[in-house]
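Me: I am new to protein structures and would like to learn how to read one. Could you take me through this one step by step?

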Amino acid sequence: MSFTRTLFAVAATATLAAASLSAHSAATPDDATAMVKKGITFIKTNGKDKGYAEISSKTSQFKKEDLYLVVYGLDGTVHAHGANEKMIGKNLIELKDIDGKPFVKERVELAKSKGTFWQDYKFTNPETKKIEPKQMYCEKLDETVVCGGVYK
């Protein structure tokens, strides 16, 4: 094999390995479902105050790569946020994604009507800082909705 071909083969292998690593570093829909269920169990076991504090903590057990939990009241108020604690206490019912989709309002309505659901919208990925398509798994818990999402 020539030097150029060897170099090309090494570069191609490195590129594939890097792509494989980045693909594995992103959370999966199964991860999101499991994390939401784990978060709900934690809130039920430890109470809302401790549960919301743990979800919002910088060292939260409810964070994995680009996956984190959020908890909204059914009025759209953020009770816990795993990626941006500045959102806690804010009512985001009118928040829209880049396409104009009122995703918080839709999320609250789906929680009321379905209880458990997946929702698609676009949001800033905290890892890449880019707006990306996101799929959010949510479950209603009392008068809140607990969600965890994955970027597509």
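Me: What should I know before I start?

Reply: This is a predicted model, where local features need pLDDT of at least 70 and side-chain atom pairs count only at pLDDT 80 or more, while totals for chains, interfaces and linings use all residues. Residues are numbered from 1 along each chain as its sequence is written, and side-chain values use heavy atoms, leaving out hydrogens and water.

Me: What is the average pLDDT of the protein, and where does pLDDT stay under 50?

Reply: pLDDT is the predictor's confidence in each residue, from 0 to 100. Here the average is 86, and 84% of the residues score at least 70. Over residues 1-24 pLDDT stays under 50, and the model has 1 contact (heavy atoms within 4.5 Å) beyond four places in sequence for them.

Me: How many helices and strands does the protein have?

Reply: Both are DSSP runs numbered from the N terminus: helices are H or I with at least four residues, strands are E with at least two. This protein has 4 helices and 6 strands, in the order α-α-α-β-β-β-α-β-β-β along the sequence.

Me: Which residues of helix H3 are buried?

Reply: Buried means under 20% relative accessible area, exposed over 50% and partly exposed in between, with a 1.4 Å probe and protein chains only. In H3 (residues 48-56), the buried ones are Gly51, Tyr52, Ile55 and Ser56. They lie on the same side of H3 because they cover an arc of only 125° around the axis; the arc is that of the directions from the helix axis to the C-beta atoms. The general idea is that an α-helix has 3.6 residues a turn, so residues three or four places apart point the same way. Among the elements covering the buried residues of H3 are helix H2 (29-46) and strand E6 (144-151).

Me: At what angle do the axes of H2 and H3 cross?

Reply: Axes are lines fitted to C-alpha atoms, for helices over the stretch in contact, and angles run from 0 to 180 degrees between N-to-C directions. The H2 and H3 axes cross at roughly 145° and come within 7 Å. From H2, Phe42, Ile43 and Asn46 take part, meeting H3 residues that include Tyr52 and Ile55.

Me: Which residues are buried in helix H4, and which are exposed on the other side?

Reply: In H4 (residues 103-113), Phe103, Val104, Arg107, Val108, Leu110 and Ala111 are buried. Their arc of only 160° around the axis puts them on the same side of H4. Lys112 and Ser113 are exposed on the other side. Just after H4, glycine 115 has a positive phi of about 90°.

Me: How do strands E2 and E3 run?

Reply: Two strands pair if DSSP finds at least two bridges between them. E2 (residues 67-73) and E3 (residues 78-81) run antiparallel and are joined by 3 bridges; valine 71 has alanine 80 in E3 as its bridge partner. The two strands form a hairpin with 4 residues between them, and glycine 76 in the turn has a positive phi of about 95°.

Me: Is asparagine 125 buried or exposed?

Reply: Asparagine 125 sits in the loop between E4 and E5, and counts as buried because its relative accessibility is 3%. Beyond its neighbours within four places in sequence, asparagine 125 contacts Asp66, Lys130, Glu132 and Tyr151.

Me: And is lysine 86 buried or exposed?

Reply: Lysine 86, in the loop between E3 and H4, counts as exposed because its relative accessibility is 67%.
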